[in-house]
Amino acid sequence: MPGDEASAPAPAAPAALARAEQFIWLTARVLEQRRFAHHFLGGDADAVDSALGAYLGADGGYGHALDPDLRGPLSQPPHTAHALRILDGLGRCAGQRIERLCRHLSRISTPEGALPLALPVPRGHPAAPWHPVREDPPGELATTGPVVGLLHRNRVWDAWLFRATEFCWDRIETLRHPHPYEVQGAVAFLDGVPDRARAAAAADRLGRLVRERRLAVLDPARPEEYPVPPGCAPGERLFPYDYARRPESPARSWFTDEEMRRCLDFLAAQQQPDGGWPVHRRAWAPGSTLERRPIATIEALLTLRAYGRPLT
């Protein structure tokens with residue numbers, strides 16, 4: 001009877017993970033498909049490793065738009081940071097590949113031992129406008145911190161790390177007006193550096209700066225109370241989970257349980273009807289935006305799972 005059909009309960013919406021899986025198969029590069037399968041479907045780590053190998057250059061670095069905001073084959077520091085995050089997730093930040101990578105990092109470093117945002121591109125390969133290409137680029141904490149932190153986290157020892165580590169300590173301990181991306185780089189460094197007492201002290205000071213300067217949205221219902229950082233797209237703000245991607249991060253102590261709960265609820269609710277998570281950066285090239293959304297989706301799922309949020 002029509003009345004029976006009208007009173008029947010609506011079918012439950014597919015779980016977050018199932019919707020994300022469909023989005024990944026529909027839109028993602030092979031690398032992100034393999035990463036999703038490994039982290040959420042029991043897929044083989046070797047398949048991820050093989051897919052990542054397609055981005056490895058003869059110089060020991062990574063290129064070919066591994067980070068979608070830098071196009072072309074040239075090895076670039078942001079590609080290295082992304083590759084190390086992937087390898088860290090596989091438990092494979094070791095061996096001759098990492099030794100060659102460290103030699104590459106030593107060759108491209110600034111005199112102070114740091115990594116620039118981007119290296120000069122001989123043939124003018126496209127790059128996002130927030131990756132300015134200069135002939136003599138300075139070292140940056142936003143780029144150096146994640147690389148050094150992940151190498152330390154995996155107990156990699158290389159001569160290059162001594163100068164790069166001191167660069168990161170100096171920048172972090174003298175920051176006065178940090179950009180959110182610098183803070184993210186600092187947290188990635190502090191997550192892995194061996195001197196835990198010094199890291200705790202630096203993280204405590206940095207957390208006070210983040211709160212004082214309103215660099216993290218603490219209430220997603222009132223985003224207008226938090227200024228958009230210089231150089232960011234309209235609406236591009238960072239949240240507690242953008243700094244503390246895992247509960248064991250030193251940045252987790254910057255935020256109350258209630259603040260984290262609200263923001264994690266917001267992150268979960270950001271899943272779009274197509275199953276993917278949005279990218280809030282300024283769109284500058286169609287391919288870059290399309291390739292970044294699956295990356296953002298995997299990172300959102302990993303963060304939610306790390307905090308014990310149900311995905312299925």
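Leaving aside neighbours within four places in sequence, which residues is Y243 in contact with? Contact here means heavy atoms within 4.5 Å. The list runs P180, V183, Q184, V187, V210, L215, A216, L238, S249, A251, W254 and F255.

Quick housekeeping. This is a predicted model, where local features need pLDDT of at least 70 and side-chain atom pairs count only at pLDDT 80 or more, while totals for chains, interfaces and linings use all residues. Residues are numbered from 1 along each chain as its sequence is written, and side-chain values use heavy atoms, with hydrogens and water left out.

Okay, back to Y243. In the largest nonpolar core, which has 81 residues, L151, W160, L190, Y243 and W254 touch the most other members. A core like that is a set of buried Ala, Val, Leu, Ile, Met, Phe, Trp, Tyr and Cys joined through side-chain atoms within 4.5 Å, and buried is under 20% relative accessible area with a 1.4 Å probe, protein chains only. The top contributor is α8, giving seven residues; helices are DSSP runs of H or I, at least four residues, numbered from the N terminus.

So who does α8 pack with? Take α8 (residues 159–174) and α9 (residues 180–192): their axes, lines fitted to C-alpha atoms over the stretch in contact, come within 11 Å and cross at roughly 125°. On α8, the contact is made by T165, C168, W169 and I172, and on α9 by A186, F189 and L190.

Last one: T80, in helix α5 (residues 77–90). T80 is buried, at 0% relative accessible area. Beyond four places in sequence, T80 is in contact with L101, L105 and V147.

Notes:
Axes are lines fitted to C-alpha atoms, for helices over the stretch in contact, and angles run from 0 to 180 degrees between N-to-C directions. Helices (H or I, at least four residues) and strands (E, at least two) are DSSP runs, numbered from the N terminus. Buried means under 20% relative accessible area, exposed over 50%, partly exposed in between (1.4 Å probe, protein chains only).
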